[in-house]
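Okay, thanks for coming, everyone. I'd like to walk you through one model today, so let me put it up on the screen.

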Amino acid sequence: MNAPVVDPMPWYSDNTLRSGTSPAASANSSAPKAAGTAALARAQFTSAVQDREPTDKVSKLLNDKNRIYFFTEIKDAPNQKITHRWEHNGKVVHEMGFDAGSNRWRVFSNKTLDPRQTGEWKVSVVDEAGGTLGASTFTYEAASAAPAQPAAAQPAAAQPVTPAR
């Protein structure tokens, strides 16, 4: 698992975005909400994240590609710990936690896949109380063999010539 990319702006961290807030506004935010009030607004696998948004939605990935991202938008969870729990064929293989910093928090994690790790992949979004806010899956499949090259054109077999009468 690759470490999250840190946004160069000081009020962003760990691939997260505080919607419309500044460092000063965050410092003066209201008291944290109780665990269990968080809501999952969006969650999806994507091949890339650009301008803090997913570029596409992936449900199947061929193993000739080895990087996938999981994007989420969490609402109503300021100052709560949220976790992306990555599973392969039902076995937990990685957990990435982050602290939601405002009422709207976008974050993504990514995974570099081994081409031999085909099968079902799942990421569950878990709140700090251990409750699952939602989950998404994608299938990692073996890329099919290269298409066979068409056979070279063979000259037509010679037909016996019947003499004209």
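I'll go through the confidence, the fold, the aromatic pairs and then one serine.

First, the ground rules. This is a predicted model, so to speak of local features we need a pLDDT of at least 70, and side-chain atom pairs count only at pLDDT 80 or more, while totals for chains, interfaces and linings use all residues. Residues are numbered from 1 along each chain as its sequence is written, and side-chain values use heavy atoms, with hydrogens and water left out.

Now, confidence. pLDDT is the predictor's confidence in each residue, from 0 to 100. The protein averages 77, and 65% of the residues score at least 70. Over residues 1–34 pLDDT stays under 50. The model has 56 contacts beyond four places in sequence for that stretch, a contact being heavy atoms within 4.5 Å.

On to the fold. We've got one helix and 11 strands; these are DSSP runs numbered from the N terminus, with helices being H or I of at least four residues and strands E of at least two. Reading from the N terminus, the order is β-α-β-β-β-β-β-β-β-β-β-β. Of the contacts with a separation of 6 or more, 63% are between residues 24 or more positions apart. Buried residues make up 33% of the 165, where buried means under 20% relative accessible area, exposed over 50% and partly exposed in between (1.4 Å probe, protein chains only).

Next, the aromatics. How many aromatic pairs does a search of the whole structure find? Six. Rings of Phe, Tyr and Trp (its six-membered ring) pair if their centres lie within 6.5 Å; planes under 30 degrees apart are stacked, over 60 edge-to-face, and the rest tilted. Take F45 and F70: the centres are 4.9 Å apart and the planes sit at 50°, so that pair is tilted. The pair links distant parts of the chain, with F45 in strand 2 (residues 39–46) and F70 in strand 6 (residues 67–75), 25 residues apart. Both F45 and F70 are buried. They also belong to one aromatic cluster with W86, W121 and F138.

Last stop, S109, over in strand 9 (residues 104–112). Buried or exposed? S109 is buried, with a relative accessible area of 2%. Its side chain makes a polar contact with the side chain of H84, at 2.8 Å. A polar contact here is a pair of N or O atoms within 3.5 Å; within protein, one must be able to donate a hydrogen and the other to accept it, and residues adjacent in sequence count only if both atoms are side-chain atoms.
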